[in-house]
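Have a look at it alongside me.

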Amino acid sequence: MLFQTAAAVAGGAAPHPLSGTAADWVWALPLLPLLGFVLNGALAIFGSAKAGPADPSAGSHDGPDAAHGVPGGNGQDDGAHADAAHAVPSQRHPYAWLVSVIGPLVVIAAFALACMICVAMIAAQPTTPFIQRYFSWMPVGDLSIDAAFQLDQLSMVIVLVITGVGALIHIFSVGYMRDDPGYPRYFSYLNLFVFFMLVLVLGANLPVTFVGWEGVGLCSYLLIGFWFSDRANADAGKKAFIANRVGDFGFMIAMFLLFANIGTLQYTEIAAAAPAALPAGGALVTTVCLFLLLGCTGKSAQIPLYVWLPDAMAGPTPVSALIHAATMVTAGVYLVVRTSMLFSIAPAASLTVCVIGAVTALFAATIGLKQWDIKKVLAYSTISQLGFMFVAVGAGAYVAGIFHLVTHAFFKALLFLGAGSVIYAMHAAYHETHSHEDAQDMRNMGGLRTAMPVTWILMWIATLAIAGVPLFAGFFSKDEILGTVFARAQGSALSDASWLGIPGGALLYGVYGICLVAAFLTAVYMTRLMLYTFHGPNRTGDAEHSLLREAPAVMTLPLVVLGVLSAAGGFLNDPSFLPIAPADMLGRWLEPVVGPATQQITRGGPAEADPRLSAILATVASVVALAGILVALLRLKPAALRPAREPQPAESKVESLLSHKYYVDEAYDRAIVTPTVVFSRNILWRGVDGLIDGLVNLTALISRWLGDSGSAAQTGETGTYAWALVLGVVIVLGTVALRI
Amino acid sequence: MSGGSVHQALSVAVSQAVPLPGSPAAVAPTFDLHIPSQLTLALGPDIVLFVGTTVLMLWAAWRPDSREHQSNVGRASLALVFVTMAAVVGYDLAHVTAGPGVIAVDAFRWASDLIFLAASAGTIALSIDYNAREGILAAESHVMVLFATSGMMLLAAGRDLMIIFLGIELMSVAVYILAGFNRRSARSAEGALKYFLLGAFSTGFLLYGIALIYGATGSTNLTVIGDRIHLYSLAGTPLVTVGVALILVGFAFKIAAVPFHMWAPDVYEGAPTPITGFMAAAVKAAAFAAFLRVWLEAFGDVVYQWHDAMWFLAILTMLAGNVVALVQRNIKRMLAYSSIAQAGYVLVGVVAGTTLGASAFLFFLAAYTLATLGAFAVIVALGDAGETQLDIGDYAGLWTTRPWLAAAMTACMLSLLGFPIFGGIGFLAKWYMLQAALEASYFGDAKPQVELAVMIVVTSVISAGYYLRLVTIMFMRPVRADGGAAGNAAPRAGHLTQWVVGVSVALLLALGLAPAYLVSWTAKSAPVIANRPTYLLPSSAIPPR
């Protein structure tokens, strides 16, 4: 009764092809991880072990400035758990074994269910979304919001990524977090994250998506600051939270505008009403899209709100893999595709998406060139790759954007988990010798390939994939983005529009050029990461070198699976000029969802560039990628590196600019944070607040005095009460009588 | 927000809600109330309760007082309440109706009955544990609750001033006894006597008002009164005006509206805690149900006369209740003033005079009843024998010693405050009441009660001062050296008490997340306002405020 489907409510209309199949169980998808959250949370609360964070003093933290990103002063404490656990072996949680079963199992079960639903969907080939409404959530005024889920090809793809990659990362975490005293707490947060992410993706209207959107933000905050007793980690969590608030403001304004002008917030109804209610290219739809974009830049770490993501690396590495690489940060891309019917009729907004994506891709890639912390390199790489996705969805290449989202989830999760495996080994070694060296600094690594061959090979696969070397997953998706952007530069709705006076066509060629440079830099910095980490002489230290070990199987097995996906994932959407797999599977799969919006952008023309042009562009992209790898191999000398503990050679001005991340954090600090603090302290707190406080206290005093006198009137004498009653009668009679 | 938008939402909610079994297709019986047998049938659930209560009374008196007997009679009373509830739900689902007559057979009656019955079930469950702890062995206390509930059900049913008077007396006499039930407590006896004296005094006014109205219109039937006042343009004649004013006084006393509230704090403080909860929740709700029906069905045309008095009452009640609650140290006394303040909010729904106001009224009563019951249940759960630890400071550090009870109390406080999500339906109740105030109208003429809406908001801010203070004390203060209620080593609350706490808080929170069912229920149960043609009313009938 509670779970009646939309078809049943509509009554009379033909039932949706998915009703009566496994898709009826879509409500169970988020419920499974929620169950895991409840169970693990209960174990975390009621389990007898000390549930606090690991003692951070055992880890390496030579400065509290992770939030400001000063290199060398890295205050992150990843892996401190292993340290602390070693010192006091009994800290492993007593119910860890139960948590290890529940935590991954619920996500694996959700993945299995998602697979069943996907099979049903392949069989049914629905052309309209399957909507399940559960109850009316907010019936207020003209606004009626249902708690409802929407299942279509788009949400299906992302649900598979979330549950599939999520399950692998959960399994990896069993090994990585094993000795942490907060083990059940960690898994309950991780399960909760998967729950909210599924709500985000499955929501049938913007408010339900927003619930998921806020929920994943909350989980991100909780997990970044998982080892919260180190101030830097807690600060990083807060920074992420605040940066996202700015974005959420945009999301909410967009919702208000849509409701005020269309009167609905449900995706299907927006899609139906938008073309009529919002004039194409008009100021209104452009404003709505720009506010949505602001929300997306927050969640997906794009300029100007990207600053939180590098600091978010303070969380445990599997968290970085799941939340800050594979799933949550791609929510912005998902939202643009979900509201593509709006973006497609707002070319100016779409071009803005494109430009922001391109600039972010290049900007972050340059910073990635000079980072020493292995996770920071990957963080900037993530920002850069998200920029590619934004370029794609901005150019109306929605399929390419989602395609890159999927392949990126594979290889970036692999890279992060590989880095986690490296950090795990480094930390164990440093702990053994009671050294306080930074386990994440690449200057302390080198030559790890002999100690960790499995991780080494798999990370090379991921590197080749992200660099875009032909036949690896990233090649196909990045190539499709570049090809489509190039094709859109002529004869599309975008090329005829203009952006700040620049013709759209010229702008898109520029974006294409920027993306090529960013792709080249991607190859360079990823090769650099591999060279410094795995090749050349070892710099860990003589005592530690012999202690470096490959991670246990529970951690390497998920890596292997992700390695296979990173190598072969590109065949999901094989371009037509390369006939080695069924062509364009993902494109045809997503056609019912993004088809109309793509047609709007292309003005009915073909969605893709023609095969010959594609082949040429693909060749160019491959040459660029290989050139990047080659340049890095020739120019970088791992043997010349010195360990982080030794004095470093002076940096050139450009190098210093890059390693300081263009001083953006410092600029934000000067331009926004400091003035806000000064203003609020001196004017708001001392001035306005003092005045308001005085007024409030005065009101409170008056209230209290009135209350006291009211209380005093309460003498307890029945006679007094009777008199008061009579007085009341007189008053009532008086007011009534004066009306006569 | 466009006009009537909540109305639309409510009707949307009705149409979208799960279809109720026994939908219109089924033939709904209509009772002819002039035929005695049919009148008896129309009173079905009331008779079930009344007969059952009488039998239980005999059983309670038959055996000597003992712990077991007290508990057994209590459990039997609980069962009787549930049976009556089932009967009420059955009548509701059958969609029975009735022709003109002394009682009403409509959804409003069933909805009100369910609220009263839920409150009395909670009260009886609490009393079983409470009486055992306090050594009150008289089994009759549960039966008295049932008698009071019978009176309440008559109040909800009555469409005749005499029936309503009967209901008020039946309810009041039983509650007078209950208030003084703990004979070993001087406070309890004192409160009961005061309540009785002042109650009798106010009943005099009520009865005099009824007599004047009868003199003016020649009838005690609400529908007939309304028709005749309209037909013969009696509104404004001295007899009707004074009659309405005196009836208003009578009801204002029962709902403890300021300045007729003086009895409430003393009586609430003195009465046994479950009974205090009963008075704050059920007795007040019952008086309100009758009040609303009388006002909408009989005195709609007299709005020009009663509007200002009612308006002032609402303002005064909200303001005085909340402000005086700020300085209370005793938790029962604080809740007494809080319940006075809440009555002020409900009065706004009556002043609004629309179907929307009436459904907001029902929604608010449901939310208020749940939160009040939950709060008093927590007090019972924390009490020691003799209830010596009722100071707010005694609850310091409750979160560290009894986290579930602290959380439950917090939910109730936040609900009474009208806080979203963690306060459950409390927020929506206040929200709908605000909407009702802003979309008030009299017989078709829009008449937004902006001042009342502003007053709701302002006094809600004041109320945060004492609701949140209790929360901060429970969560942020350490347990006192002498322990207080938080450090009480007394045995854990009885199972029934735990059930009352759990069920009321769970309902409060669950309905807050998915309010659509309650919204549709209250919307369909709002009483139908007598639809006299509006064009006959001069436009000046609307007070120019």
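By the bend at a residue I mean the angle between axes fitted to the seven residues ending there and the seven starting there. Helices here are DSSP runs of H or I, at least four residues long, numbered from the N terminus.

Ground rules: this is a predicted model, where local features need pLDDT of at least 70 and side-chain atom pairs count only at pLDDT 80 or more, while totals for chains, interfaces and linings use all residues. Residues are numbered from 1 along each chain as its sequence is written.

Entry one. Where does helix 27 of chain A bend? I found a bend of about 45° at A:Leu684. I then checked the span: helix 27 of chain A covers only 64 Å between its end C-alpha atoms, whereas a straight helix of 50 residues would span 74 Å (1.5 Å times one less than the number of residues).

Entry two. I looked up what is buried (under 20% relative accessible area, 1.4 Å probe, protein chains only; exposed is over 50%, partly exposed in between).

Why is A:Leu706 called partly exposed? Because its relative accessibility is 40%.

B:Ser202 is buried, at a relative accessible area of 1%. Leaving out residues up to four places away in sequence, B:Ser202 touches B:Gly250 and B:Phe253 (heavy atoms within 4.5 Å).

How values were computed
Chains are lettered from A and ligands numbered from 1 in the order in which they are written. Side-chain values use heavy atoms; hydrogens and water are left out. Helices (H or I, at least four residues) and strands (E, at least two) are DSSP runs, numbered from the N terminus.
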